[in-house]
Amino acid sequence: MSLKEDFKKFAMRGNVIDMAVGVIIGGAFGKIVGSLVNDIIMPPIGMAMGKMDFKNLFLSLNGKEYATLEAAKKAGAPVLAYGSFINTVMDFLILAFVIFMMVKQINKLTPPPAPKPEPRKCPYCKSEIADDATRCPHCTSQLENK
């Protein structure tokens, strides 16, 4: 088989395509959650905490004061942008919660697997045996076929 045929066979397998669709939808969903956190959830939280903008929370490591995070970055100052980190953590927590709720609902919709039948037991030693066994492999007793 040629390399082209091998790649085509690999790329057209169902689980590869499913994974690609999942990654694309996951990326788009991540952007939606990011917007939800940055544009809808964090502004009211910031207002409740004294008109605080989480995106501008940072610590300058060179000891100088800067009005905004953007100004510090333009000056080339080393900064710990912990406000961005807080937003990213919120993104993650909301995304994880939404995925948890989706999986929970999907699990409710899928029927539980059929219970496995009780295994056949040897009438003498009570060990599990194959359904078509004529002798017990544990105690070697002769068994009646069902």
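A residue counts as buried when its relative accessible area is under 20%. Ser141 has a relative accessible area of 17% and is therefore buried. The structure is a predicted model.

**Helix 4**

- Helix 4 spans residues 82-109 and has 28 residues.
- From the first C-alpha to the last, helix 4 reaches 41 Å, close to the 40 Å expected at 1.5 Å a residue.
- The buried residues of helix 4 are Gly83, Asn87 and Ile94.
- Residues up to four places away in sequence aside, Leu95 touches Phe29 and Val33.
- Leu95 and Ser84 are separated by 11 residues in sequence and by 16 Å in space, C-alpha to C-alpha.

**Nonpolar core**

- The largest nonpolar core consists of 6 residues, namely Val33, Val37, Met42, Phe54, Leu57 and Ile94.
- Helix 2, residues 14-48, gives the most to this core, with 3 residues.
- Ile94, a buried residue of helix 4, is in contact with Val33, Leu36, Val37 and Ile41 once neighbours within four places in sequence are left aside.
- Of these contact partners of Ile94, Val33 and Val37 are also listed among the residues of the core.

**Nonpolar surface patch**

- Helix 4 gives the most to the nonpolar patch, contributing 5 residues.
- Leu59 is partly exposed because its relative accessible area of 44% falls between the cut-offs of under 20% for buried and over 50% for exposed.

**Salt bridge**

- The structure holds 1 salt bridge.
- Glu70 forms a salt bridge with Lys74, and the closest N and O atoms are 3.7 Å apart.
- Both partners, Glu70 and Lys74, lie in helix 3, residues 69-74, where they are 4 residues apart, about one turn of the helix.
- Glu70 and Lys74 are both exposed.

- Ser141 lies in the segment after strand 4 (128-129).
- With neighbours within four places in sequence left aside, the contacts of Ser141 are Tyr124, Thr134, Arg135 and Cys136.
- Thr140 likewise lies in the segment after strand 4, and its phi is near 60 degrees, a positive value in a residue other than glycine.
- Lys126 is placed in the loop between strand 3 (120-121) and strand 4.
- The phi of Lys126 is near 65 degrees, again a positive value in a residue other than glycine.
- Most residues other than glycine have a negative phi.
- Lys126 counts as exposed because its relative accessibility is 54%, and exposed means over 50%.

Technical notes
Residues are numbered from 1 along each chain as its sequence is written. This is a predicted model: local features need pLDDT of at least 70, side-chain atom pairs count only at pLDDT 80 or more; totals for chains, interfaces and linings use all residues. Side-chain values use heavy atoms; hydrogens and water are left out. Helices (H or I, at least four residues) and strands (E, at least two) are DSSP runs, numbered from the N terminus. The expected span of a helix is 1.5 Å times one less than its number of residues. Buried means under 20% relative accessible area, exposed over 50%, partly exposed in between (1.4 Å probe, protein chains only). A nonpolar core is a set of buried Ala, Val, Leu, Ile, Met, Phe, Trp, Tyr and Cys residues joined through side-chain atoms within 4.5 Å. Contact means heavy atoms within 4.5 Å. A salt bridge is a side-chain nitrogen of Lys or Arg within 4 Å of a carboxyl oxygen of Asp or Glu.
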